[in-house]
Amino acid sequence: MPPAATTNLGYTPPDGGWGWAVVFGAFISIGFSYAFPKSLTIYFKEIQEYFSISYSEIAWVSSVMLASMYAGGPVSSLLVNRYGSRPVVLVGGLMVSAAMVLASFGTTIMHLYLCIGVLGGLGLAFNLQPALTIIGTYFQVKRPLANGLAMTGSPVVLFTLAPLNQFLFDSFGWRGSFLVLGSIVLNCCVAGALMRPVRKRVQLKPNAEPQEIIGAAEETATADSRVQSTNLQTDKRKNESRGQLHKYIDVSLFRHRGFLIYLVGNVVMFLGFFAPVVFLAPYAKHQGFDEYSAAFLLSIFALVDMFIRPTTGLIGNTKWIRPRIQYFFSFAVTYNGVCHLLCPLAHGYVGLVVYAVFFGLAFGMVSALLFEVLMDLVGAHRFSSAVGLVTIIECGPVLLGPPLSGALVDIFGEYKYMYYACGVFMLVPGIFFFIMHYYNYKKLDAEQRHSLALEMKTSDDAEQLKTSRDDETL
């Protein structure tokens, strides 16, 4: 079994049992969170004609929904830290359901922005962060596998909702379909009901030293405790005001080296992460292929994505990859960039199919590892706050990425420059991750050696003190 990452949870995660039911619940919650905004695009054409608006205006519905989902991250993390994952997911499912029901009575596009975009996006945020957080409380050794399986929910739900939405659209129109979707997303409440809090088994620390050594070292510790007591009394008032904030949102993460590396790279990466998916079908139509052939490319992409995510979790859980999983994530991001840079060289429909396959592999690898590497960096006990801070900062590039890419198409009249830009946006952070994680691993190894040296010195000092006491006794 590969070595598990160190945690400060204070208990031993079960790594199984009811945890697999929690993974299934997270599978549903994460699936709806990521796939639902994309699946609504099938209704955009009729809504655009109904309200007599432009394509850019209707496209903002999904963009606002995704941005609200990311912006609601800190609020969701605060609620998870305060109340736990189960009630937050239940409320989130009710919010998305209410958003779709209210949107079905919409009379203006602004109504849809507020209902689907803002209310629905916040509801998805209340589904996403709790699902990601609770996995870390149930799994430690098998955590990459559990995260990979949970993240598979996104392509599976997207693959299911795409034909279902087409059927609903043909049968009931967009208003009736929204009412039906409002009932379907209540499955998120079922998923939330599965997320019961973990039953903690407290870790018992064995005595590493005999009682005599502990007693000998106690005198030294007593002297140190007096100094520490004085410092604690001095800092008590200062920490009282900050303690409540850190209890829910750990702002000290902005001084965490690994967290800053992750954050800087992801801000650049998300400028080019979603745009290639959004423009894959339009690019195929621009090449002269019919609508069904263009849509089939998305199906190929979703199928490959569906199978690569759990596979990536299995690979990331091996004894060769787990200790240095950050390099695996760096490779996945770099691989994405290379795929986009080579996309304009693909000729004919076969070339686009090959690109869709390789892009599905790259996208699925990054998606499966995206939150696992964050948990590996900051630990499961700080993950809830970390993911909340990350998502609020990432909502900017998530919102602006597709419009900026679309602007390149409008300016040059060709899609290849858009794919070149997305390739650069992915390749640069991939190289950045390789370099900075190499540096981070070196620093962590040096800090670990220094910590071991201090422990050995403390043990030697205690042994010498015991020996001197024995000599005095004799």
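Q: What volume does the second largest cavity have?

A: Rolling a probe the size of a water molecule over the atoms shows where empty space is left. In this model, which is predicted, the second largest cavity has a volume of about 50 Å³.

Q: Which residues line the second largest cavity?

A: The lining consists of Lys38, Ser154, Pro155, Leu158, Phe301, Ala302, Asp305, Arg309 and Phe363. Two or more of the lining residues come from each of the helices α8 (153-184) and α14 (291-316), and α14 gives the most, with 4 residues. Sorted by class, the lining has 5 nonpolar, 1 polar and 3 charged residues.

Q: How many cavities of 30 Å³ or more does a search of the whole structure find?

A: The search finds 2 such cavities. The largest cavity holds about 80 Å³ of space.

Q: Which residues line the largest cavity?

A: Its lining is made of Tyr34, Lys38, Tyr70, Met151, Ser154, Phe273, Phe274, Arg309, Phe363, Ser367 and Leu370. Helices α1 (19-39) and α16 (348-378) each supply at least two residues of this lining; α16 gives the most, with 3 residues. The classes here are 7 nonpolar, 2 polar and 2 charged. Reading the two lists side by side, one finds Lys38, Ser154, Arg309 and Phe363 in both linings.

Q: Which helices supply at least two residues each to the lining of the largest pocket?

A: They are α1, α2 (44-51), α3 (55-71), α8, α12 (275-278), α13 (280-286), α14 and α17 (383-412). The largest share, 9 residues, comes from α14. Helix α14 is also the element that gives the most to the lining of the second largest cavity.

Q: Let us turn to the packing of helices. At roughly what angle do the axes of α4 and α5 cross?

A: One reads both the distance between the axes and the angle between them. The axes of α4 (residues 73-83) and α5 (residues 85-103) come within 7 Å and cross at roughly 135°, which makes α4 oblique to α5. On the α4 side the contact is made by Ser76, Leu79, Val80 and Tyr83, and on the α5 side by Ser85, Pro87 and Val88. These contact residues comprise 5 nonpolar, 2 polar and no charged.

Q: How many helices and strands does the protein chain have as a whole?

A: The secondary structure comes to 18 helices and 0 strands. Of the 474 residues of the chain, 49% count as buried. Among contacts with a separation of 6 or more, 88% are between residues 24 or more positions apart.

Definitions and conventions:
Residues are numbered from 1 along each chain as its sequence is written. This is a predicted model: local features need pLDDT of at least 70, side-chain atom pairs count only at pLDDT 80 or more; totals for chains, interfaces and linings use all residues. Side-chain values use heavy atoms; hydrogens and water are left out. Axes are lines fitted to C-alpha atoms, for helices over the stretch in contact, and angles run from 0 to 180 degrees between N-to-C directions. Angles under 35 degrees count as roughly parallel, over 145 as roughly antiparallel, 65 to 115 as roughly perpendicular and the rest as oblique. Contact means heavy atoms within 4.5 Å. Ala, Val, Leu, Ile, Met, Phe, Trp, Tyr, Cys and Pro count as nonpolar, Asp, Glu, Lys and Arg as charged, and the others, Gly among them, as polar. On a 1 Å grid over the protein atoms alone, a cavity is a set of points where a 1.4 Å probe fits but cannot get out, and a pocket is an open set with protein on both sides within 12 Å along at least five of seven lines; lining residues have an atom within 4 Å of a point. Grid points are joined across faces, edges and corners, and a volume is the space filled by probe spheres set on the points. Buried means under 20% relative accessible area, exposed over 50%, partly exposed in between (1.4 Å probe, protein chains only).
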